Amino acid sequence: MDDIQGLILRGYNYDFVKYIILTIPNPDAVAGARQFCADILPGSHADGLKITDATPWLNGKPRYCLNIGFTIYGLNLLIGEANCASLNNSSNQVFGSFSAGPVTDSEYVGDTGTSDPQYWWTRSGGWLSGAAPAPDGSDLHIQLTLYTRDPASREEYYGKLLAMIPKTKDGELCVKPVFIKNSDPVVVHGDPTYVHFNYKDSLSQPRIDTSPWNSVKIVTGDDRPKVPADRFIISTEATDYTADPFLKNGTFAAFRLLYQDVGAFEDFINQDPENVSPELMAAKMCGRWRDGTPLVVSPDKMDPSLKGFDYTNFNYHQRTFHQKGDMVNDDDGLRCPYAAHIRRANPRDDAKVTFNDDEAVKHRILRRASPYGRPYNEAERLEGLEIQRGLIGLFIGAVLDDQFRFIMHSWLEHGSFRAPDASPNSSGVDPIFGTQTDDTYGPDLQFAFAVKSAPPREPPAYYTAPNNLQRFVRTDGSLYVFMPGITGLKLISQGNISG
Amino acid sequence: MASPIKNVAAGDEQHLLFLFVPLKSGKSAAAAKEVEHLKSTIKAHANTVDPRAATGVHFFMIYHQADGQATPGIPVPGFQSMPGKDVLVVMSLYDNDFAPYISAFFAIQQVVDGLNGLLHMMDESGIPGLDPKDPSTAANIIKNGGVVKNASAFYCLLMRYNFADPTYPAGSSAPGKYVLGATFPGLTVGKILSNYPDAGDLWPFPPVTIDFQKSTAPKCGK
């Protein structure tokens, strides 16, 4: 496990995070960039920070954690274009979409209109370079995530990290920060695990089979299906992809900078309070009440008695062993709409969802993301302020095509992802993300959910929100990164893909 | 009360597939045999996998033609193979996007084996614009473990020889590369199976033997 980066196997649960993007400013800096990679290797004798591997923490949490990913442009510089081309050929199923990058992929995953790559990185604040970002993302090479316990230590360790960077003979940093974004918790009722739409977050991460953390702490009461480790940690033995040994124990991820328009979201959930309370509208959009209570567990109100796995032990058709609440088969979506965010992103046992024949196991992603920007305050609208806030972080999966890209395209953005679906708009698009600003397909503008019909034995009727959906989550930046294993990182530091 | 269908979601659209797959010279009959084998394999696995809703195939046509031959039965050349190669012509009308349609066939291992077998029969030498190092060549897909381990590359291989546009829905009135009509836009195979009364009894899977009454052609010429 000391060959795998730690954040792949577990969320660290640090409240204060710094996301950093580095550029290698010129070819003369490549050797220094490789040296930087060597110096942050676990076991390196260099002063400063080290990459956190997946070795279980027997002595408690460390004071910081650090993880690293590389874009295709970074790898082209560090290991050479010929090696990258070789990897693309030998390991295309995992390397192909990473190699193409998020700019060319923007239409496929829904980054169009105001989410178009031409607007990325500068709009949210945090862009440090005096020059505009390259339109193709070719100036973005390395992505680091630094996790700390408090804001002071975040700056302390960031300073130490910067001090490690070698300089060229001209005195220029060999890897220069071009974008940084701090993440501080959104605290609701003393709970620091909320996001800006005021939902409790990160409640349903996938359960990785054979995780080393299970050997440290016996986990009971977890009904989640086990996801094979090769969905998140690249294996050379996987049955549905081929991987060069260089990629082994690494993974791929989409690094996303997502602006959240809280004002527009609040307007939407408050649009029809006589018929649908704002909290119910928010719950139907997400599939959970804002305290995390799943609608299939408690359809009429939040359930403050839930704890731990109660938030994720549930299905839509057959109750799980430890599931709370009065389970009914939600085949008709009367409790949780098909369109709801969590049902689309993880349809669980709803095998009527297109390409869900394995409880969504093949398509699960790990989310290592956290909020940025200060919490929303209604007064800011009156003052005409445009506060930048949202979610930033990594969406991890060994096969982008089957995981991040699949979910974004086929389940979140596609209507008619389930059959049958009698809703008036074939469930449109994910209502939490909302519609793309250039989406002119009428049904995508609607949000509808099933309600009980007057004669109770009739098929459900549908409530359609009077106002159109808007773009509530806007993409302000995106990278596809390769997060190498520790052996892979060592090879990168040597400019090669084989030892 | 129902109202006219005015919107069709992408997942419910019907699309055309029209492949011209280059085969090694002399392999067209073998390829056709492999395709027949695939058909029977799908039927043989009917007890475990009914692929009809997932694949969404409304109809298909497969035809093979040897190198240098004209299409028989018509006084014009018809289909053409690339000189020095045979050609396998595959046409279908399917629901949903291209990638999900193709990947639905991966659910049956014997079908996967058959698709890999077809790759061995392909001849992509001299195809204009095709770099032999391209991961989507048949040779590279075989070398790197076959169609399942190289699913995205396999989609690209098929798209290279697909005359049809997988983004152009049947029944659309918008200008397209060709005119593709549809009597029931948005009526997917899955919806037919779900909603037509007694569909499972009328069209069981595997299909029972059907006695087709003789059709007639117009009387022409001598």
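Predicted model: local features only at pLDDT ≥ 70, side-chain atom pairs only at ≥ 80, totals over all residues.

Me: What is the distance between the closest N and O atoms in the salt bridge of Asp326(A) with Arg335(A)?
Reply: Take the arginine to begin with: Arg335(A) has 9% relative accessibility and therefore counts as buried. In its salt bridge with Asp326(A), the closest N and O atoms are separated by 3.2 Å.

Me: How many residues apart in sequence are the parts that Asp123(B) and Lys85(B) tie together?
Reply: These two side chains meet in a salt bridge, at 3.2 Å from N to O. Asp123(B) sits in the loop between helix H4 (109-121) and helix H5 (138-143) of chain B, while Lys85(B) belongs to strand S3 (residues 85-95) of chain B, so the pair links parts whose separation in sequence is 38 residues.

Me: Is Asp123(B) buried or exposed, and which residues does it touch beyond four places away in sequence?
Reply: The cut-off for buried is under 20% relative accessible area. Leaving out residues up to four places away in sequence, Asp123(B) touches Pro22(B), Leu23(B), Lys24(B), Gly84(B) and Lys85(B).

Me: What angle do helices H2 and H14 of chain A pack at, and are they roughly parallel or antiparallel?
Reply: Helix H2 (residues 30-39) and helix H14 (residues 486-493) of chain A have axes 8 Å apart and pack at an angle of about 150 degrees. Angles over 145 degrees count as roughly antiparallel. H2(A) is therefore placed as roughly antiparallel to H14(A).

Me: Which residues make the contact of H2(A) with H14(A)?
Reply: H2(A) passes H14(A) in a left-handed crossing. The residues of the contact divide into four nonpolar, one polar and one charged. From H2(A) they are Arg34(A), Cys37(A) and Ala38(A), and from H14(A) they are Leu489(A), Ile492(A) and Ser493(A).

Me: How do the residues of the contact of H4(A) with H5(A) divide into nonpolar, polar and charged?
Reply: The axes of helix H4 (residues 81-90) and helix H5 (residues 92-104) of chain A come within 6 Å and cross at roughly 130 degrees, which means that H4(A) is oblique to H5(A). Cys84(A), Leu87(A), Asn88(A), Asn89(A) and Ser90(A) in H4(A) meet Asn92(A), Phe95(A), Gly96(A) and Ser99(A) in H5(A). The division is three nonpolar, six polar and no charged.

Me: Which elements are included in what covers the buried residues of H10(A)?
Reply: In helix H10 (residues 278-286) of chain A, the buried residues include Met281(A), Met285(A) and Cys286(A). Gly287(A), with a positive phi near 100 degrees, follows H10(A). The cover includes helix H9 (262-269), helix H11 (341-345), strand S12 (448-451) and strand S13 (461-464) of chain A.

Definitions and conventions. Residues numbered from 1 in each chain as written. Chains lettered and ligands numbered in written order. Heavy atoms only, no water. Axes fitted to C-alpha atoms, helices over the stretch in contact; angles between N-to-C directions. Helix = DSSP H or I, 4+ residues; strand = E, 2+ residues; numbered from the N terminus. Parallel < 35°, antiparallel > 145°, perpendicular 65-115°, else oblique. Left-handed = near helix turned anticlockwise from the far one by under 90°. Contact = heavy atoms within 4.5 Å. Nonpolar A, V, L, I, M, F, W, Y, C, P; charged D, E, K, R; others polar. Salt bridge = Lys/Arg side-chain N within 4 Å of Asp/Glu carboxyl O. Buried < 20%, exposed > 50% of the residue type's maximum accessible area, 1.4 Å probe, protein only.
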